[in-house]
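Here are some notes for a colleague opening this structure for the first time. Please read them with the structure in view.

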Amino acid sequence: MKSIVSALLFCISSPLEGPDINSLKKKDLLTLGFMMFSIYFGAGNLIFPPALGQAAGDHTMLAMLGFMTTGIGLPLLGITAIALAGGEYVPLLRAKTWPLFATALLVILYLIIGPLFAMPRTGAVSFEIGIRPFLSEDQLGLGQFIYTAIFFSASYYLALNPNKIIDRVGKMLTPALLIVLLILFVQAFHAPLGNVLQPTGSYIESPFAQGFQDGYQTMDLLASIAIGALVANAVRLRGITDSRAIGVACLVSGLITVSLMAVVYGSLAYIGATSASVLAHSENGGQILSGAVGIFFGSGGNLLLAVIIALACLTTCCGITSSAAMFFNKLLKGRISYERLLLFSILFSFAASNVGLTQIIALAIPFLVTIYPLVIVFVILSLFDRFIGWRKSIYQGAMALTLIFSLIDGLHAAGLSSAPIHALLVEYIPFYAIMMGWVCPAIVGALVGFGVSLFQTAPVTVKEA
């Protein structure tokens with residue numbers, strides 16, 4: 001942790017060339033922070049903390065510390081890594097690993113957080129929680145079609161011009177979202193739903209560990225690469241060219257983002273913790289929020305919840321849509337325009353949010369289990385890139401062994417693993433039983449890579465630089 005803090009201080013305090021950093025006013029940085037928060041904070045982020053709070057009961061604080069470690073801490077590490085790289089994180093991934101591997105990893109990542117999984121979920125979840133309570137059973141099919149058509153049309157409009165996404169998202173949608181959340185939280189703290197009960201399940205014995213695992217469900221670390229690139233691009237479009245100035249802007253915006261997320265997560269968990277004595281134990285966080293706002297605001301409660309969900313999902317969707325379209329436009333060297341890629345992504349997401357979403361989610365889970373450890377390992381290593389320097393064998397060793405075990409986990413999540421082999425790995429590989437069997441191999445791979453680097457010579461060009 002001390003090394004991370006030193007790296008942050010170096011990034012902020014090192015002298016910058018030219019007046020670029022002064023070109024960004026405090027208002028600009030606040031707008032960037034709001035935009036980053038709104039893109040991170042989707043419907044899933046609204047659902048998980050209330051469910052955790054209800055199940056954890058009077059252990060909610062410990063559970064939330066674990067949740068925030070992974071749900072906020074890991075995204076902050078991702079944002080910090082991008083800041084230290086001056087916003088140029090994708091080239092760093094390619095330079096430190098293998099170009100083909102980096103491209104494959106990024107393609108899968110952008111497909112998962114884009115049209116394959118996250119984008120369709122924003123439309124479908126916002127309909128299920130925010131709109132469905134107003135409709136009868138025979139109206140659901142047509143209602144979902146109309147709602148998602150409007151939802152994805154709005155997302156397309158917001159993401160159509162990335163030069164204006166800062167103003168449209170950061171200045172308009174995010175303040176509206178925060179105002180609605182503020183109304184809900186003030187009421188929740190002013191008149192709590194009920195008493196906080198005893199914890200249930202895994203939260204009884206290990207609330208921090210369970211909350212730590214729950215934080216993975218946000219998938220915000222995966223989004224950090226896309227969102228960091230989007231913010232870096234937005235800074236460049238404002239005339240900032242110095243890489244360290246871009247890094248500082250990313251870092252300051254990230255700190256604003258995680259501060260807002262911590263307040264919102266904590267408040268949502270408190271609502272969940274006070275709900276069990278009134279609402280009993282619900283199946284998911286959406287039901288908790290729906291019941292809570294119904295009690296707080298009567299007949300207008302569901303309407304308030306619909307506004308919260310719609311704003312949260314819309315801001316997330318337009319941000320990740322823009323990021324994915326920009327990535328594939330650059331990958332394809334402009335052969336397919338940004339606008340056309342955006343349209344393809346929106347149309348696919350619109351179709352998937354109406355039919356087959358469950359199948360798409362099931363298909364995406366093995367990919368998530370496979371690539372998440374790879375992103376975690378690379379982000380942590382890149383935080384110490386100043387010290388690793390030219391020794392890319394450290395990255396390659398850690399990523400290679402992580403890939404082997406993350407692939408095994410992915411096959412297991414897909415139901416394709418061998419039961420005897422799985423039992424053997426659970427017995428002999430530390431943390432494998434909780435799907436973190438890649439941790440020790442990653443450390444071993446990094447050490448092996450360091451050993452290999454001792455027999456290598458630093459490139460002359462790096463020494464001269």
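1. Helices (H or I, at least four residues) are DSSP runs, numbered from the N terminus. Axes are lines fitted to C-alpha atoms over the stretch in contact, and angles run from 0 to 180 degrees between N-to-C directions. This is a predicted model, in which local features need pLDDT of at least 70 and side-chain atom pairs count only at pLDDT 80 or more, while totals for chains, interfaces and linings use all residues. Residues are numbered from 1 along each chain as its sequence is written, and side-chain values use heavy atoms, without hydrogens and water.

2. The axes of H7 (residues 118–131) and H15 (residues 301–331) come within 9 Å and cross at roughly 175°. H7 is therefore roughly antiparallel to H15 (angles over 145 degrees). In contact (heavy atoms within 4.5 Å) are, among them, Met-119 and Ile-129 of H7 with Leu-305 and Ile-320 of H15. The contact residues divide into 10 nonpolar, 6 polar and no charged.

3. There are 12 aromatic pairs (ring centres within 6.5 Å; planes under 30 degrees apart are stacked, over 60 edge-to-face, the rest tilted). Phe-189 and Tyr-270 are stacked, 4.5 Å centre to centre with 5° between the planes. Phe-189 lies in H9 (residues 165–190) and Tyr-270 in H12 (residues 243–273), so this pair ties together parts 81 residues apart in sequence.

4. Phe-327 and Phe-328 form an edge-to-face pair, because their centres are 5.1 Å apart and their planes at 75°. Both Phe-327 and Phe-328 are buried (under 20% relative accessible area, with a 1.4 Å probe and protein chains only).

Conventions
Helix = DSSP H or I, 4+ residues; strand = E, 2+ residues; numbered from the N terminus. Parallel < 35°, antiparallel > 145°, perpendicular 65-115°, else oblique. Nonpolar A, V, L, I, M, F, W, Y, C, P; charged D, E, K, R; others polar. Phe/Tyr/Trp six-rings, centres within 6.5 Å; stacked < 30°, edge-to-face > 60°. Buried < 20%, exposed > 50% of the residue type's maximum accessible area, 1.4 Å probe, protein only.
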